[in-house]
Amino acid sequence: MVKDDCIFCKIVSGEIESNKVYEDEHIVAFEDLNPMMPVHTLIIPKDHYDNIADNIPDETMAHIMQTVGKIADIKGIRESGFRVIVNTNDDACQSVHHIHVHVLGGGKMNDGDPSL
Ligand code: 5GP
Ligand code: ZN
């Protein structure tokens, strides 16, 4: 499933370049274009879903969340700590409407930081 004019679908297809951190059959993780922290990686399913409430199959969502630990290992932030954020729709300032999980770390965060 691909949505026309979705920039993350274009990252999946390779039409838009990205710095990939991890990829398998179902998901891809890549560096955020405008990092809010020293580590700022996005994990997305290759299939298009608008957001976390868009009837994502359980196995796909589980796979995305299981990959968080893998990204933390790759980036070396498992022990130091990290934050996982999924912005959803307007009140949460979701700007790309292809579900993505932010993995943020590499520095000390305060309560509520970063405000993505
Ligand atoms: P949101 O605000 O929707 O939760 O997060 C969208 C994120 O996607 C932002 O942090 C933004 O920097 C990132 N982003 C937007 N366009 C691109 C792009 O073309 N490439 C990459 N790597 N990240 C992008
Ligand atoms: Zn998409």
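How do the residues of the shell around ligand 1 divide into nonpolar, polar and charged? Here are a few points on that and on what surrounds it, with the reminder that this is a predicted model.

1. To take the opening question directly: the shell holds eight nonpolar residues, six polar ones and two charged ones. In total, 16 residues surround ligand 1, and the closest are Glu31, Asp32, Asn87, Ser95 and His102.

2. Ser95 makes its contact through the backbone instead, with an N or O atom 2.7 Å from an oxygen atom of ligand 1. As for burial, ligand 1 taken alone exposes 530 Å², and the protein buries 85% of that.

3. On the site itself, the space taken by ligand 1 is the largest pocket. Helix H1, spanning 7–13, and strand S2, spanning 27–31, each supply at least two residues of the shell. H1 gives the most, with three residues.

4. Strand S2 also has a partner worth a look. Strand S1, residues 20–23, pairs with S2 in the antiparallel sense over three bridges, and Tyr22 has Ala29 in S2 as its bridge partner. The two strands are joined by a hairpin through three residues.

Technical notes:
Residues are numbered from 1 along each chain as its sequence is written. Chains are lettered from A and ligands numbered from 1 in the order in which they are written. This is a predicted model: local features need pLDDT of at least 70, side-chain atom pairs count only at pLDDT 80 or more; totals for chains, interfaces and linings use all residues. Side-chain values use heavy atoms; hydrogens and water are left out. A residue is near a molecule or strand if one of its heavy atoms lies within 4 Å of it. A polar contact is a pair of N or O atoms within 3.5 Å; within protein, one must be able to donate a hydrogen and the other to accept it, and residues adjacent in sequence count only if both atoms are side-chain atoms. Accessible areas come from the Shrake-Rupley method with a 1.4 Å probe; for residues, only the protein chains shown count as cover. On a 1 Å grid over the protein atoms alone, a cavity is a set of points where a 1.4 Å probe fits but cannot get out, and a pocket is an open set with protein on both sides within 12 Å along at least five of seven lines; lining residues have an atom within 4 Å of a point. A molecule sits in a cavity or pocket if more than half of its atoms lie within 2 Å of its grid points. Helices (H or I, at least four residues) and strands (E, at least two) are DSSP runs, numbered from the N terminus. Ala, Val, Leu, Ile, Met, Phe, Trp, Tyr, Cys and Pro count as nonpolar, Asp, Glu, Lys and Arg as charged, and the others, Gly among them, as polar. Two strands pair if DSSP finds at least two bridges between them.
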